[in-house]
Amino acid sequence: MSYLSASNMTGGYGRGADILHDCTIEAAEGEIAVIVGPNGAGKSTAMKAVFGMLNLRQGSVTLDGEDITHLTPQDRVAKGMAFVPQTSNVFPSMSVEENLEMGAFLRRDNITGTMEQIYDLFPILKEKRRQNAGELSGGQRQQVAVGRALMTQPKLLMLDEPTAGVSPIVMDELFDRIIEVARTGISILMVEQNARQALNIADKGYVLVQGRNRFTDTGEALMNDPEVRKSFLGG
Ligand SMILES: Nc1ncnc2c1ncn2[C@@H]1O[C@H](COP(=O)(O)OP(=O)(O)O)[C@@H](O)[C@H]1O
Ligand SMILES: [Mg+2]
């Protein structure tokens with residue numbers, strides 16, 4: 001039984017043409033699910049659909065067995081979803097700590113314990129907590145974005161290209177932290193351009209092409225599939 005089950009999603013932006021066609025994405029508890037595919041395939045659109053930012057013409061989204069298809073993004077956050085979008089995912093003129101506090105805007109309880117957990121996960125953020133997020137390196141800003149999402153204590157963490165523009169070393173480091181988060185029981189749904197490396201840590205992978213599921217399997221099986229390798233992993 002999947003914690004997240006986004007089934008047969010069909011829809012697009014406003015009154016425009018459908019971008020997603022019968023697209024299905026699932027993630028079990030504590031599992032890392034990765035979406036890969038060419039530019040413009042609809043990966044970000046699928047993430048937005050799961051988060052309630054798209055009007056679906058068909059399909060449904062359930063979280064922990066509950067149908068949330070018609071909930072707003074804010075209500076989905078209250079249900080345990082957190083979404084780190086591909087761009088503009090930090091407040092650059094606010095400090096690291098203020099960014100983390102912003103992440104907790106829906107919470108009414110004490111947030112200091114969660115903040116300590118995030119500083120344990122990303123020690124550099126503790127060091128830089130008084131600096132503006134805009135002054136940090138790309139990799140550190142992504143840590144702020146992930147940390148801010150974790151401040152809501154999500155059960156499902158959604159990341160759209162968290163390693164975009166960072167060096168291979170920083171990418172490996174971030175993937176290690178994401179594995180650590182998944183081991184605490186949080187489900188991860190992640191879009192990645194670094195397809196090979198991402199599938200390497202994925203329990204489950206989806207190859208999307210033109211808004212449709214093209215291949216779905218374990219990360220390992222996809223990496224070993226000759227057709228997937230040739231067409232989507234550069235051989
Ligand atoms: N806000 C938007 N309004 C209209 N069309 C969009 C919008 N965002 C993306 N699209 C279109 O949706 C398709 C899929 O885009 P996207 O989901 O961003 O792809 P990917 O993330 O896989 O690169 C593209 O044809 C793109 O032009
Ligand atoms: Mg995208």
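In what order do the six strands of the open sheet stand? I started there, working on a predicted model. I read the order as E6-E7-E8-E3-E9-E10, with mixed pairing. At the edges I found strand E6 (81–84) and E10, each pairing on one side only. I then checked the turn between neighbouring strands of this sheet. It averages 15°, direction ignored.

**The E9–E10 hairpin**

Next I followed the chain through E9 and E10. Strand E9 (residues 204–209) and strand E10 (residues 212–217) run antiparallel, joined by five bridges. I picked out one pairing: Val-207 has Phe-215 in E10 as its bridge partner. Two residues lie between the strands of this hairpin. Gln-210 there takes a positive phi, near 45°.

I placed Asp-203 in the loop between helix H8 (195–201) and E9. Is Asp-203 buried or partly exposed? I counted 17 C-beta neighbours inside 10 Å, so Asp-203 is partly exposed. I then listed its contacts, leaving aside neighbours within four places in sequence. They are Glu-31, Ile-32, Ala-33, Thr-218 and Gly-219.

**The four-stranded sheet**

I turned to the other open sheet. Its four strands run in the order E2-E1-E4-E5, with antiparallel pairing. Strand E2 (18–27) and strand E5 (66–67) stand at the edges. Each has a single partner strand, so one side of each is left without a neighbour in the sheet. Two bridges join E5 to strand E4 (residues 55–63), and the two strands run antiparallel. Thr-62 stands opposite Asp-67 in E5.

**Helix H1**

I saw H1 lying across strand E1 (4–12), E2 and E4. H1 runs at about 70° to E2. How many of the nine residues of H1 are buried? I got eight, so H1 is largely enclosed by the rest of the structure. The buried residues are Lys-43, Thr-45, Ala-46, Met-47, Lys-48, Ala-49, Val-50 and Phe-51. After H1 comes Gly-52, with a positive phi near 90°.

**Around ligand 1**

I listed the residues that surround ligand 1. They are Tyr-13, Gly-16, Ile-19, Gly-37, Asn-39, Gly-40, Ala-41, Gly-42, Lys-43, Ser-44 and Thr-45. Which helix gives the most to this shell? I found that it is helix H1 (residues 43–51), with three residues. By type, I sorted the shell into three nonpolar residues, seven polar and one charged.

**The UniProt record**

Last, I looked up the annotation. The unreviewed UniProt entry lists residues 4–235 as "domain: ABC transporter". I computed 31 Å between the end C-alpha atoms of residues 4–235. The span is 38% helix and 26% strand.

How values were computed
Residues are numbered from 1 along each chain as its sequence is written. Chains are lettered from A and ligands numbered from 1 in the order in which they are written. This is a predicted model: local features need pLDDT of at least 70, side-chain atom pairs count only at pLDDT 80 or more; totals for chains, interfaces and linings use all residues. Two strands pair if DSSP finds at least two bridges between them. UniProt positions are given in the numbering used here, feature names are shortened, and annotations may be inferred rather than shown by experiment. A residue is near a molecule or strand if its C-beta atom, placed from the backbone, lies within 6 Å of it. Ala, Val, Leu, Ile, Met, Phe, Trp, Tyr, Cys and Pro count as nonpolar, Asp, Glu, Lys and Arg as charged, and the others, Gly among them, as polar. Axes are lines fitted to C-alpha atoms, for helices over the stretch in contact, and angles run from 0 to 180 degrees between N-to-C directions. A residue is buried if 20 or more other C-beta atoms lie within 10 Å of its own, exposed if 12 or fewer, and partly exposed in between; C-beta atoms are placed from the backbone. Two residues are in contact if their C-beta atoms, placed from the backbone, lie within 7 Å.
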